[in-house]
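Student: I should like to work through this structure with you, one point at a time. May we begin once it is on display?

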Amino acid sequence: MIPRWTLQQPFNLSYSQALVNKICPVSWSRKELSLSLDWLEATVSTAKKKRSKAIIAYDRLIALRKAGKEPYIGCFTEAYLNRGMAHLKAGHYDQAQLDFAVVRERTPGFEPLLLLGKAYYLNQQKEAAER
């Protein structure tokens, strides 16, 4: 089945909302649309190095996690990882450590461990960084 795509003219919408209106299937639920807007805002804010805006957008994405299941496997792990990176670059090392610890729990692997170690190191917690 081929999805119908919206081609509505955006009136009184932000740029992000206008983009989503042009590319999102008509059949998307309010939650799916909200998720898309938040991902778009987080991605654009990260690219523009507007870290506080990116962190707020990732906060909203992670809050959606409590409302239901992931739209795709790894969605919320990716949100925690990206929010942790934004915190790390903004110098919020304690918050970065929390996010990377969640990622490490959900995805045991090398990258989350490296980032967690880096957050400990930058936060002057040398002993924890060496574990």
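Student: Which residues are buried in H6?
Tutor: This is a predicted model, and burial here means under 20% relative accessible area. By that criterion the buried residues of H6 are Pro-112, Leu-115, Leu-116, Gly-117 and Ala-119.

Student: Against which helices do the buried residues of H6 pack?
Tutor: Packing is judged by contact, that is, heavy atoms within 4.5 Å. The partners of the buried H6 residues are helix H5 (93–106), helix H7 (126–129) and H4.

Student: What span should helix H6 have at 1.5 Å a residue?
Tutor: Helix H6 covers residues 110–122, which makes 13 residues. The expected span is 1.5 Å times one less than the number of residues. The end C-alpha atoms of H6 agree with the expectation, and the value is 18 Å.

Student: Are H4 and H6 roughly parallel or roughly antiparallel to each other?
Tutor: The two helices pack with their axes 11 Å apart, at an angle of about 25°. Angles under 35 degrees count as roughly parallel. H4 and H6 are therefore roughly parallel.

Student: Which residues of H4 and H6 make the contact between them?
Tutor: The angle between H4 and H6 is about 25°. On the H4 side, the contact is made by Leu-81, Met-85 and Leu-88. On the H6 side, the contact residues are Glu-111, Leu-115, Lys-118, Ala-119 and Leu-122.

Student: How far does helix H4 reach from its first C-alpha to its last?
Tutor: Helix H4 (residues 75–90) has 16 residues, for which 22 Å is expected at 1.5 Å a residue. The reach in the model is close to that figure, at 23 Å.

Student: Which residue that follows H4 has a positive phi?
Tutor: The phi in question is near 85°. The residue that follows H4 with this value is Gly-91.

Student: Turning to H2, is Asp-38 buried or exposed?
Tutor: Asp-38 lies in helix H2. Its relative accessible area is 7%, and the limit for burial is under 20%. Asp-38 is therefore buried.

Student: With which side chain does the side chain of Asp-38 make a polar contact?
Tutor: Leaving aside residues up to four places away in sequence, Asp-38 touches Ala-57, Arg-60, Leu-61 and Leu-64. The polar contact has a distance of 2.8 Å, and the partner side chain is that of Arg-60.

Student: What distance separates the C-alpha atoms of Leu-37 and Leu-61?
Tutor: Leu-37 belongs to helix H2 (residues 30–47) and is buried, with a relative accessible area of 18%. Leu-37 and Leu-61 are 24 residues apart along the chain, and their C-alpha atoms are separated by 9.5 Å.

Conventions. Residues are numbered from 1 along each chain as its sequence is written. This is a predicted model: local features need pLDDT of at least 70, side-chain atom pairs count only at pLDDT 80 or more; totals for chains, interfaces and linings use all residues. Side-chain values use heavy atoms; hydrogens and water are left out. Helices (H or I, at least four residues) and strands (E, at least two) are DSSP runs, numbered from the N terminus. Buried means under 20% relative accessible area, exposed over 50%, partly exposed in between (1.4 Å probe, protein chains only). A polar contact is a pair of N or O atoms within 3.5 Å; within protein, one must be able to donate a hydrogen and the other to accept it, and residues adjacent in sequence count only if both atoms are side-chain atoms. Axes are lines fitted to C-alpha atoms, for helices over the stretch in contact, and angles run from 0 to 180 degrees between N-to-C directions. Angles under 35 degrees count as roughly parallel, over 145 as roughly antiparallel, 65 to 115 as roughly perpendicular and the rest as oblique.
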